[in-house]
Amino acid sequence: MEHIITPKVEYVKLLNKYAEKKSALGTLYLTATHLIYVEQTNNARTETWVLHHHIVSVEKLPLTASGCPLLIRCKTFQLLHLLFQRERDCQDVYQSLLRLSQPVKEEELYAFLYNPHQNEEDRRQGWEFISVANDFSRMGLSNDYWEISHLNKNYEICSTYPSILGVPKNASVAVVTGSAKFRSRGRLPVLSYYHKDTKAAICRCSQPLSGLTSRCVEDEQMLQAISQANPNCPFIYVVDTRPKLNAMANRAAGKGYENEDNYSNIRFQFQGIENIHIMRNSLQKLLEVCSVKSPSMSDYLTGLENSGWLRHIKSVMDAGVFLAKAVCEERASVLVHCSDGWDRTAQVCSLACILLDPYYRTIKGLMVLIEKEWISFGHKFSHRCGHLDTDPKEVSPVFTQFLECVWQLSEQFPCVFEFNEHYLIEIHNQVYACQYGNFIGNCQKERLDMRLHEKTFSLWPHLLKNQHLYRNPLYRRSLESTVLRPSTLPLHFKFWCGMYNHYDRGMHPKQSVLDQLLSLTQKQEEGERTMTELQRQLAVADGVLPDPSGPINTPTEQDSPSEKTPTAPFVQSNGSCLPLVNGDAEEAGPGAEKCIDKEGAEPGATEHDLTSSEDKPVSVETEHSKEEVQESS
Amino acid sequence: MEFAELIKTPRVDGVVLHRPFMPTVEGTLCLTGHHLILSSRQDNTEELWLLHANIDSIEKRFVGSLGTIIVKCKDLRVIQLDIPGMEECLNIASSIEALSTLDSVSLMYPFFYRPLFEVIEDGWQLFVPEEAFKDLESMTDEWRLSEVNKDFSVCPSYPSLLTVPKDIDDESLCKAASFRHGGRFPVLSYYHKKNGMVMMRAAQPLTGTNGRRCKEDEKLINATLCAGKRGYIIDTRTIAVAQQAKARGGGFEQEANYAQWRRIHKAIERSNVLQEGLIKLVEACNDQSHSMDRWLSKLEASNWQSNVKEILTTACLAAQCIDREGASVLVHGTEGTDSTLQVTSLAQIILDPACRTIRGFEALIEREWLQAGHPFQQRCAQSAYSNGKPRSEAPVFLLFLDCVWQILRQFPCSFQFNENFLIMLFEHAYASQFGTFLGNSVAERLKLLLSQKTVSLWSWVNRPQELERFLNPLYEPNNLVIWPSVAPQSLLLWEVPLQMHEMPKEHMDCEISMC
């Protein structure tokens, strides 16, 4: 609280990007955790809540005749343009926000203050809800080829790895530890995903310390062991997700990539995903394109191209597809690395998991996947998200890109994901919010040292509690057993307006198929409950049911998917990338379209300027936002 | 002429058909006067029936004695036929080339097609101007139905009955017609019931370089204004293009002579530029490099999305003048048969809920496109793959459908029809067994005796068993004006007509209808 100079400023204008006339006048409050803007018009009170942790930059713009402008940019891609009457207020708020949005110590993070009214038992259970160990057994570990190793239980072999590791059964302790010494930061090759049906595995690591000539027998034996753990294929792919040039440059620094002559039976492959700095700059350029007021189509498309963003998304997707194909079509195991093996490697491995295994396309499965490939394998969330005031060069939208890849898949396959777009966006917001402890710290060991499980709460139970908001009404569990084969043609990659222009409501479809279907599903459920109740009453009236207060057999809830692992027999490619669409008539409800919610389309998001003089051609631009920036606390 | 003369080899066995992302089919290829047919002669296997009229261009390739014909269709499909035997292949290719480029309209398939269904409701009689006028009469008595064009001498591209202000006599109409390009004097396009404002359309005025004026034309459009009210003239061309038109006898309304009107210029491209855009877009989609940068820069260079944005923006402007400003509007470009119709028809979709139903949309296409004289036959003679010399081909109607799709995507619950309906219209505009899109005007259609000799598309579409796949399960009638966003982020590429690629998407509509 000591950083708040002025907790309340009145007569602050919230500028509307599209129509200055429509700008709101209201009161700005600063609390320990949030910036709150309250607009009071007649009887309506509109509140805009912005978490301090979500603020990425605060900028004082040059003074204008109407006041002192302050531009606030958020990690959620929200933009707030405030106008203060007095420069003093503007300066105070500016200084407060600068400090509040850049905490220096971990203890200042919201999660350490936040208490969702749970007791210690709830807290403990919450943290145990998602378990990486359980996912290993779901995949069928331990088995004849793979086992769970506790060699890293004190984080001695690799400080940024989880405490339990999946390793080939025939890799000796000496091989494991030896291999770790030959890998950057000790991130040795370990299991990421085991594909039961083909016995092929996806493994991950960091780059080898091969330099120009070095080699390591244990590392070579490690790869040999991974290869031998798959009886179905005589070789393994080694995928370096970096562009070849970057990998070669690393050789000069004593790192680099595997020499095919030293390793037996490997097929080496570069994938060309760019590094975190290029990704950070690319997002920066993309956001500039997004924030241009009324761009022409040509400016927009040129800007989109120049940002390179979709090119990078495609490169991640291409690599994920390569992995999935190798596993399900060639039955080959794959070892993936980049430089440190915590950015591009995490993207590619988790994407391949989603393509291969329908479990990860469920609400809970995605949590498990994020917990496994990102949190436990040491994706540096604190650095990449800039939670604390640290090196800005460490910040990069690596995780955002992963979420976008999932979204791109959900656009191509609208019926195979249990969750909808809101789920991905909510996870994204929570990663940056630091309201829960999951994404604080850079690796498992750091989290343990911070005692996050005792001091903060886990996000996952919170998401699960609200899962009705995140459900995809088109989800068909009958499609579960398919491997996804997405198209990676450039024209099938779209700009994700729902993420990067999330707060420009006027740009979004005015009626949402998703919301419509969610409300239909809800009505259907209510209708079924009523029907069951009426049937029960009828039975009682007919004397079939003797006891009016007795239990009744309600139909099984359709919407609580079993957590059971689907045994995923992959469907043979038939040249089509369509998963076999199965009508699954049993799930289709009767007459659902008859009860559509009566919700008129709200006109008025479009306004054309007709106020120019006679002779000049009037410039007309459709205005697309009523800027309903709102966020619940 | 006998088609048989053009068919040297009527059938070949052992032909293999390749379609993108569908299993190959081996079977017998047959050529008839109007179709290319491939049948595997097995039960339950799909046969290919392709209208010659749908073929835009073909390519031949030979490897030894195995010939390959790549058939590129006007609806943008691409298929490949492997034909054993060089002579057979050459014969087939030359027959296809000849049959797909027949010039005479009366040889087209609709004149030979006999429906296998019973025509219950004749589409030719569905949308007659008299009926539309009856609706108008119930709302206002300011308008009359004029027969001044009954022999098509005043304006060859207009229908015989036209809705004009009540106080303007036929003689004045003739004079106004002589002042407008192609005789297309201002006529009523849409009456906005909510506030009584109207939208009219016309062709450019023939002011020429010396600023000719026509009192009757001025009187005609002024008659639509309320006392003391101003109206808007939306010229779909930039001011520069409109200025240039003066040199060729065209021009625009001078402020001095049309003091009650405010003129706004927009920048919808001319039809030949639109055609280049389609060709570039299709080329971009076929790019084999898989490079994102290349794709985006080619997409940008095609200007396709820019055209969509500009057309929609202009339609929004027209709708806004009427609904928000409470002003009447006159829309024209140069000839008044292309960009003008895009704007007037889209504005009606925005303003009038009736146009968002299936019947209403059909009526809109009849009124604002077919009867209003959009030259379908010229515009749809060739498509993106044609090697022929470009004449007056242009994807004007396809762009209109694209814009409708954009609005549909933004208001997915406000339309009674779905995307399939738009795709179907696109396909039939380019090649069809029905006569609806033949000819360039009402006069031409009458001369061809289309309503006697061919079946109307609407007779087929409106049968309940066909309608089913065009219905939007989420439709909920909505009486509001629907304002689409024209921000570039809001306008997506309409992929489906570019169907040369696989559509990875499972069909959303069928999934929704099962919910």
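This note sets out, in numbered points, the features of a predicted model that a new reader may wish to inspect.

1. A helix pair between the chains.

2. H8(A) contributes A:Ser298, A:Leu301, A:Thr302, A:Leu304 and A:Glu305.

3. Burial along H8(A). Which residues of H8(A) are buried? They are A:Met297, A:Tyr300, A:Leu301, A:Gly303, A:Leu304, A:Glu305 and A:Ser307. Just after H8(A), A:Gly308 takes a positive phi of about 75°.

4. The largest cavity. The structure holds 10 cavities of 30 Å³ or more, and the largest has a volume of about 250 Å³. It is lined by 18 residues, and those closest to its centre are A:Phe493, A:Lys494, A:Phe495, B:Leu299 and B:Leu493. The helix pair of the opening points returns here, as H8 of chain A and H7 of chain B each supply at least two residues of this lining. The lining of the largest cavity divides into 15 nonpolar residues, one polar and two charged.

5. The second largest cavity. About 170 Å³ of space lies in this cavity. Its lining has 17 residues, and B:Arg270, B:Ser271, B:Thr334, B:Asp338 and B:Ser339 lie nearest its centre. Helix H6 (271-285) and helix H9 (339-351) of chain B each supply at least two lining residues. The largest share, three residues, comes from H9(B). What classes make up the lining of the second largest cavity? There are three nonpolar, nine polar and five charged residues.

6. Backbone points to check. Most residues other than glycine have a negative phi, and most peptide bonds are trans. A:Arg331 has a positive phi, near 55°, and is found in the loop between helix H9 (309-328) and strand S14 (333-337) of chain A. With a relative accessibility of 30%, A:Arg331 counts as partly exposed. In chain B, B:Asn303 is not a glycine, yet its phi is positive at about 65°. B:Asn303 lies in the loop between helix H7 (292-302) and helix H8 (304-323) of that chain, and at 33% relative accessibility B:Asn303 also counts as partly exposed.

7. A cis peptide bond. Where does the bond from A:Leu141 to A:Ser142 stand, cis or trans? The bond is cis, with omega near -10°. A:Ser142 is found in the loop between helix H3 (132-139) and strand S8 (146-149) of chain A.

Methods:
Residues numbered from 1 in each chain as written. Chains lettered and ligands numbered in written order. Predicted model: local features only at pLDDT ≥ 70, side-chain atom pairs only at ≥ 80, totals over all residues. Heavy atoms only, no water. Helix = DSSP H or I, 4+ residues; strand = E, 2+ residues; numbered from the N terminus. Buried < 20%, exposed > 50% of the residue type's maximum accessible area, 1.4 Å probe, protein only. Contact = heavy atoms within 4.5 Å. 1 Å grid on protein atoms, 1.4 Å probe; cavity = no way out; pocket = protein on both sides within 12 Å on 5 of 7 lines; lining within 4 Å. Points joined across faces, edges and corners; volume = space filled by probe spheres on them. Nonpolar A, V, L, I, M, F, W, Y, C, P; charged D, E, K, R; others polar.
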